[in-house]
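Please examine the sequence and the model before reading each solution.

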Amino acid sequence: GLVDMLSGRPEHRGPPELFYNDQEAMKYTCNSRMIEIQMQMASRAIELLGLPEGQPSFILDVGCGSGLSGEALTDEGHYWAGIDISSSMLNIAVEREAEGDLFLSDMGSGAFFRPGTFDGVISVSALQWLCNADKKSHNPARRLYRFFSTLFASMVRGARAVFQFYPENPAQMELITGQALRAGFSGGVVVDYPNSTKAKKYFLCLFCGETGPIPKGLGTEEEEARTTVKYADAKSRRTRKGKERVPVKSRQWILEKKERRRRQGRGETRPDTKYTGRKRRPVF
């Protein structure tokens, strides 16, 4: 029935700061399928940003959660900051030693960064939450406009913002895009695999200050010839400097992360020893 249908959308079960509690947040460290999907969508969003090749950029991750999208940004050699309304999700990001600067914030209250701070913005599965009125004081259109207008101000001119989102219906998509355009952005929605029920994904691709052609969606007629090549190259896109992506928590992964922290001057980093990354026996 209707209740069952609605319960399939997390935003209908309660406000995000309550829905993403400790139990729900834990899935983002334990559920390998969820992690894989999140990383794929983040990599696609980064690709749609069209960032300059070979130079690090400073990116804002809206609804950064447990830092999975941020990990994809780090792998590409970029610096990032993340905002999220769920303290449980941000706690997981801290436990996972996310490289970005993390802020507990409601995106509907607006971005609070200095003008021209970010070279790009990404967001995975967060934007549709702004269409809900979880409190009497919440007006979705007003909150969307406040978010987009303050975000516009915090971006470098010529930068892009890419939001992967799940519109509930055409009216919701119109509401979101309408408020983004009203706030000064140009752009539109990119749909990957429009003819597939499962693989279909929506990306709101916005331009800040400079207009450009909206990228083509994957799986469309114009892209079908290139799709095979794109997916063959997907792994190399998600790695840095052509290196194979090393397994998380392996010795090599830990050494690389420590080296990055030293370069960034992020506090005291322990010296490397023969015990670094060594598996410890279980304690009974």
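**Exercise 1: The nonpolar cores**

Determine which members of the largest nonpolar core touch the most other members.

Solution. A nonpolar core is a set of buried Ala, Val, Leu, Ile, Met, Phe, Trp, Tyr and Cys residues joined through side-chain atoms within 4.5 Å, where buried means under 20% relative accessible area with a 1.4 Å probe, protein chains only. The largest such core holds 30 residues, and Leu-60, Leu-127, Phe-147, Phe-148 and Phe-163 touch the most other members. At least two residues of this core come from each of β1, β2 (79-84), β4, α7, β5, α8 and β7. A separate second core has 23 residues, among them Leu-49, Leu-51, Cys-64 and Val-190.

The model is predicted: local features need pLDDT of at least 70 and side-chain atom pairs count only at pLDDT 80 or more, while totals for chains, interfaces and linings use all residues. Residues are numbered from 1 along each chain as its sequence is written, and side-chain values use heavy atoms, with hydrogens and water left out.

**Exercise 2: Helix α7**

Identify the buried residues of α7 and what covers them.

Solution. First, α7 spans residues 140-153; helices are DSSP runs of H or I, at least four residues, numbered from the N terminus. Second, its buried residues are Pro-140, Arg-143, Leu-144, Phe-147, Phe-148, Thr-150, Leu-151 and Phe-152. Third, their cover includes β1 (58-62), β4 (118-124), β5 (155-165), α8 (170-182) and β7 (201-207). Finally, Phe-147 touches (heavy atoms within 4.5 Å) Val-62, Met-107, Gly-110, Leu-127, Leu-130 and Phe-163, not counting residues up to four places away in sequence.

Notes
Expected span 1.5 Å × (residues − 1). Buried < 20%, exposed > 50% of the residue type's maximum accessible area, 1.4 Å probe, protein only.
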